[in-house]
Amino acid sequence: MSAPPPQQPARTTASTATTTTASSSSSSSTSFTIRAARPDDAAALGALAARTFVATFGHLYSSAADLDAFSRATYSAERMRADLLDPDFSTFLAVPHPAPAGTGPDDEDGPQQQLPFGFGTVRRRSRPPTPTPTTTASAAAAAAATDDDAVGHFVEIKRLYVDATHHGSGAGRALMDVLMETALAYRPPPSGGDGDGNRAAADAAAAAPTVWLTVWTGNARARRFYEKYGFCEAGACEFVVPGIKDSLVYVLRREG
């Protein structure tokens with residue numbers, strides 16, 4: 001099976017928009033849709049990604065200049081557009097429903113565009129790092145991390161962020177549900193040839209992938225959230241970024 005086209009993952013309904021209504025942290029009702037991001041979302045996605053990264057990790061930087069440089073390089077509209085066009089990436093947005101006619105701000109062309117307030121990204125064929133052992137790591141996950149080979153296939157939950165103004169809205173869980181559905185549906189294209197080695201590769205390709213992610217060691221809340229999805233700590237590694245004061249992250253894995 002060939003690699004799926006951008007934002008249309010194979011064997012998943014995750015690209016279908018879903019609607020959720022939940023109470024937000026501001027005690028108001030938040031109604032939103034989870035939808036696949038498009039290339040024309042690149043600028044809005046980049047702005048949201050930079051804003052939420054700074055809100056989450058800005059305090060770890062000793063230099064504002066280093067933080068600004070990293071944000072500009074990583075979350076520019078051009079970089080986001082390239083990711084959105086890459087068939088190995090799938091990004092999904094949490095977007096508020098438009099206000100009912102006559103109740104929201106309109107311009108000459110009709111209702112204003114609803115900007116995303118949350119997003120998540122999966123990356124296929126993204127091999128996890130070999131982590132350094134930790135005393136809190138799951139023995140099974142740590143063992144699996146040292147036994148990765150070319151036959152295995154991997155999907156990374158690369159990013160998951162929700163604007164602080166919408167924490168508690170249910171958008172984080174709704175996004176994660178779609179990301180996991182997309183990740184677990186991935187199967188690599190079959191390789192040709194005969195023999196035991198190729199049969200082993202075919203058997204591995206037919207199995208659900210190893211899904212992995214990293215979470216900052218100081219973010220216990222996020223770690224608990226991911227553990228509810230079956231992720232276990234495999235160890236730790238460095239998140240190498242100039243100017244950051246605490247770069248240690250846990251590597252969490254879910255085996256199939």
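Asp40 is exposed, with a relative accessible area of 59% (exposed means over 50%, buried under 20% and partly exposed in between, using a 1.4 Å probe and protein chains only). Its partner in a salt bridge is Arg38, with the closest N and O atoms 3.2 Å apart; a salt bridge here is a side-chain nitrogen of Lys or Arg within 4 Å of a carboxyl oxygen of Asp or Glu. Arg38 is partly exposed, at 41%. This is a predicted model, where local features need pLDDT of at least 70 and side-chain atom pairs count only at pLDDT 80 or more, while totals for chains, interfaces and linings use all residues. Residues are numbered from 1 along each chain as its sequence is written, and side-chain values use heavy atoms, leaving out hydrogens and water.

By the salt-bridge rule, the count comes to 9. Asp41 and Arg35 meet in one of these, at 2.9 Å from N to O, and both residues are buried. Asp88 pairs with Arg125 at 2.8 Å. That pair links distant parts of the chain, 37 residues apart. Asp88 counts as buried at 13% relative accessibility, whereas Arg125, at 55%, counts as exposed.

Contact means heavy atoms within 4.5 Å. Leaving aside residues up to four places away in sequence, Leu213 touches Ile157, Met176, Tyr226, Phe231, Tyr250, Val251 and Leu252.

Definitions and conventions: Helices (H or I, at least four residues) and strands (E, at least two) are DSSP runs, numbered from the N terminus.
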